[in-house]
Amino acid sequence: MGAACSRSGEHSGTSTAASTSRLVGPVNGSAGGGATTDPQPGCATQSQGGYTKGIESMRAMVLAAAVVVAALPVVPAYASGSGCAPASVAVGDYRQYEGTGAGTTTFSFSVSVTAPPGCAASGSVDYTTDPGTATPGVDYTPTSGTLTWNGTTDTKTVSVTIARDAAPEYEETFAVRLHSPQGLVIADNLGVGQIIDDDRPPLDTSLDGGKICWRSQGTAEIGLHTSAPARAPITIHYRTIQVGDGKPGYYPVRDGVVTIPVGETRGVAKVRLFTDEQLPDEQFVLEIFNPSAGTIGLSKVPVTVRSRG
Ligand SMILES: [Ca+2]
Ligand SMILES: [Ca+2]
């Protein structure tokens, strides 16, 4: 039940995009509107002579006020497109296990833009990594760059490489910081990266044990469990290993992924079976590998498939 066969756990950082780009809207309308206001008492209702002059001076005043208002906005230039205020940009936090064993772990920070209705983002923002308790060059690889939107609103990703290790440590932090916006307004400039240690105490994932399944069920479900509740999504890969030479009566899996959600300790690896009950009983081995956190305990179990109960 609740088998978490899904794509690798991607912590979607809380979107903190706030609509802080509340600037005075496009200044227009009011100047022309001045000409449609009721004429002052005693003035001719037809636009003649002195009335026209009065209107002109009013218009000049309104225009002058408009120029002052137009000079006030604290936001940069308008995004491309008429009448669109700049989009805001925000970076989310990211929390993930450090990982153990060979290779590295990628932290993916989402950078989202929020544009006014009917508008898009046109501009750029620079990013850089800032150390916290994590040490640049040791715990993570410093990075920096520029993100650019050309009339779009897609969410972009800043990837930071984390060094895996097997050393018991305290949790460590660093940040991805946005700066130097061009044509955008920064709503949240700091994405905090929290590196969760998986070595103190060691986190380990094991298969539950051998299993007997029936073809009529259509799917073999093999449970696995972690030694502690997941503090960030944990992904574990799995595959089937054929036993014997016959044509398998199941759909071989080369690289499946089980995700254990935050707070959980269990997941299920699924293998689809041929439902033809004329097939003979058979066996395959299920193996788990490449966990996103900690180590693997019991990595292989036999799965027996029976055609009749
Ligand atoms: Ca580790
Ligand atoms: Ca560690």
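Where is P201 found? P201 lies in the loop between β9 (190-196) and β10. The points below set that loop in its surroundings.

1. Basis of the model. This is a predicted model, in which local features need pLDDT of at least 70, side-chain atom pairs count only at pLDDT 80 or more, and totals for chains, interfaces and linings use all residues. Residues are numbered from 1 along each chain as its sequence is written, while chains are lettered from A and ligands numbered from 1 in the order in which they are written.

2. Confidence. pLDDT is the predictor's confidence in each residue, from 0 to 100. The protein chain averages a pLDDT of 80, and 73% of the residues score at least 70. Over residues 1-81 pLDDT stays under 50, and for this stretch the model has 110 contacts beyond four places in sequence. Two residues are in contact if their C-beta atoms, placed from the backbone, lie within 7 Å. Where pLDDT is low, the predicted coordinates should not be read in detail.

3. Overall make-up. The protein chain has 2 helices and 18 strands. Helices (H or I, at least four residues) and strands (E, at least two) are DSSP runs, numbered from the N terminus. Of the 309 residues in the protein chain, 30% are buried. A residue is buried if 20 or more other C-beta atoms lie within 10 Å of its own, exposed if 12 or fewer, and partly exposed in between, with C-beta atoms placed from the backbone. Among contacts in the protein chain with a separation of 6 or more, 74% join residues 24 or more positions apart.

4. The nonpolar cores. A nonpolar core is a set of buried Ala, Val, Leu, Ile, Met, Phe, Trp, Tyr and Cys residues joined through C-beta atoms within 7 Å. The largest one has 28 residues, and those with the most contacts inside it are A87, V89, F109, V113, V176 and L184. At least two residues of this core come from each of β1 (87-91), β3 (104-114), β4 (121-131), β6 (156-163), β7 (172-182) and β8 (184-188). A second, separate core of 23 residues includes L224, Y238, V303 and V305. In soluble globular proteins, nonpolar side chains tend to be buried together.

5. Not counting residues up to four places away in sequence, V176 touches V91, F109, Y127, T129, V158, V160, G191 and G193. Two strands pair if DSSP finds at least two bridges between them. β7 and β9 are antiparallel partners over 6 bridges, and F174 has G193 as its bridge partner in β9. Strand β2 (residues 94-97) pairs with β9 in the parallel sense over 4 bridges, with Y94 opposite G193.

6. The peptide bond from R200 to P201 is cis, with omega near -10°. Most residues other than glycine have a negative phi, and most peptide bonds are trans.

7. A four-stranded sheet. β10 belongs to an open sheet of 4 strands in the order β15-β12-β10-β17, with mixed pairing. Its edge strands, β15 (266-272) and β17 (295-296), each pair on one side only. β10 and β17 run parallel and are joined by 2 bridges, with T205 opposite I296. β10 and β12 run antiparallel and are joined by 3 bridges, with S206 opposite H225. Strand β12 (residues 219-226) also pairs with β15, in the antiparallel sense over 7 bridges; here V268 is the bridge partner of G223.

8. The two faces of β10. In a regular strand the side chains alternate between the two faces of the sheet. Strand β10 (residues 204-207) has T205 and L207 on a covered face, and D204 and S206 on an uncovered one.

9. Positive phi values. S180, in strand β7, has a positive phi of about 50° although it is not a glycine. S180 is exposed, because 12 other C-beta atoms lie within 10 Å. N290, in the loop between β16 (282-289) and β17, also has a positive phi of about 50° and is not a glycine. With 15 other C-beta atoms within 10 Å, N290 is partly exposed.

10. A proline in another loop. P252 is in the loop between β13 (234-242) and β14 (256-260). P252 counts as exposed because it has 12 C-beta neighbours inside 10 Å. Leaving aside neighbours within four places in sequence, P252 is in contact with T240 and Q242. The C-alpha atoms of P252 and Q242 are separated by 8.0 Å, and the two residues are 10 apart along the chain.
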